[in-house]
Amino acid sequence: MRPILVAITAALCLSACAGDKGRYPSLAVRDIERTSGQFAGTNQAGDVPVAAPVASEADLRSFVMKAREAHLRFDAARSVAQNAVTSGAGAGSESASYADALLALADLSSLRSETALALGELDLLAADAKTQFAPETEILAAQSEVAALLDKQDEAIDRLNQALPQ
């Protein structure tokens with residue numbers, strides 16, 4: 001009895017789906033969904049058009065110069081931090097020399113962030129170049145130069161952190 005009841009219920013439910021076809025839109029492809037036209041892959045001379053660069057050489061040099069300047073300030077602060085860490089390493093964690101070492105390390109981290117900002121700007125330009133199919137070789141070269149400066153700064157901060165007991 002139960003299987004018959006299930007079959008009747010299923011038949012009634014399915015019959016509701018077979019209603020008036022005029023009330024529902026067709027699922028067929030509409031004219032607006034069809035594409036037409038031509039892909040303009042070449043210009044009249046037959047050359048493939050190249051997108052304009054997303055940044056000028058002067059802009060890229062500016063970001064690299066900002067990173068270099070920040071790195072020079074970092075190098076100057078690193079010797080001060082080295083002296084502070086050397087003094088603070090032998091002292092206790094409540095001493096003034098230990099606090100001075102922590103402040104010197106914080107200054108180094110702050111200067112590192114200036115270099116990281118320049119790299120971040122270059123990363124944004126690289127992303128724009130990718131999405132716009134623009135030339136990116138100059139951007140990648142600037143990125144690698146700034147990233148190398150950032151790696152040196154990271155190594156210096158890590159060495160100083162390891163020299164200072166926690």
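Predicted model: local features only at pLDDT ≥ 70, side-chain atom pairs only at ≥ 80, totals over all residues.

User: How many helices and strands are in the chain?

Analyst: Helices (H or I, at least four residues) and strands (E, at least two) are DSSP runs, numbered from the N terminus. Here the chain has four helices and zero strands. Its pattern along the sequence is α-α-α-α.

User: What share of the chain is buried?

Analyst: Buried means under 20% relative accessible area, exposed means over 50%, and partly exposed lies in between (1.4 Å probe, protein chains only). Of the 166 residues in this chain, 24% are buried.

User: And how do I read contacts by separation?

Analyst: A contact means heavy atoms within 4.5 Å. Take the contacts in the chain with a separation of 6 or more: residues 24 or more positions apart account for 74% of them.

User: What span is expected for H3, and what does H3 reach?

Analyst: The expected span of a helix is 1.5 Å times one less than its number of residues. H3 has 37 residues and reaches 54 Å from first C-alpha to last, close to the expected 54 Å. H4 has 27 residues and should span 39 Å; its end C-alpha atoms are 39 Å apart, which agrees. After H3 comes Phe-133, with a positive phi near 55°.

User: At what angle do H2 and H3 pack?

Analyst: Axes are lines fitted to C-alpha atoms, for helices over the stretch in contact, and angles run from 0 to 180 degrees between N-to-C directions. Angles under 35 degrees count as roughly parallel, over 145 as roughly antiparallel, 65 to 115 as roughly perpendicular, and the rest as oblique. H2 (residues 57–90) packs on H3 at about 165°, with the axes 8 Å apart. That makes H2 roughly antiparallel to H3. The residues of this contact divide into 18 nonpolar, five polar and six charged. Nonpolar covers Ala, Val, Leu, Ile, Met, Phe, Trp, Tyr, Cys and Pro; charged covers Asp, Glu, Lys and Arg; the others, Gly among them, are polar.

User: How do H2 and H4 cross?

Analyst: The axes of H2 and H4 (residues 137–163) come within 10 Å and cross at roughly 5°. So H2 is roughly parallel to H4. Their contact holds 16 nonpolar, three polar and six charged residues.

User: Which residues of H4 are buried?

Analyst: Among them are Ile-139, Val-146, Leu-149 and Gln-153. The buried residues of H4 pack against H2 and H3.

User: Now single residues. Is His-71 buried or exposed?

Analyst: His-71, in H2, counts as buried because its relative accessibility is 12%. Beyond four places in sequence, His-71 contacts Thr-115, Leu-149, Lys-152 and Gln-153. Ser-113, in H3, has 33% relative accessibility and so counts as partly exposed. Ser-113 and Gln-153 are 40 residues apart in sequence, with C-alpha atoms 10.0 Å apart.

User: Which residues does Ala-129 touch?

Analyst: Ala-129 lies in H3 (residues 96–132). At 1% relative accessibility, Ala-129 is buried. Leaving out residues up to four places away in sequence, Ala-129 touches Val-54, Ala-134, Pro-135, Glu-136 and Ile-139. Pro-53 is 76 residues from Ala-129 along the chain, yet their C-alpha atoms are separated by 7.1 Å.

Notes
Residues numbered from 1 in each chain as written. Heavy atoms only, no water.
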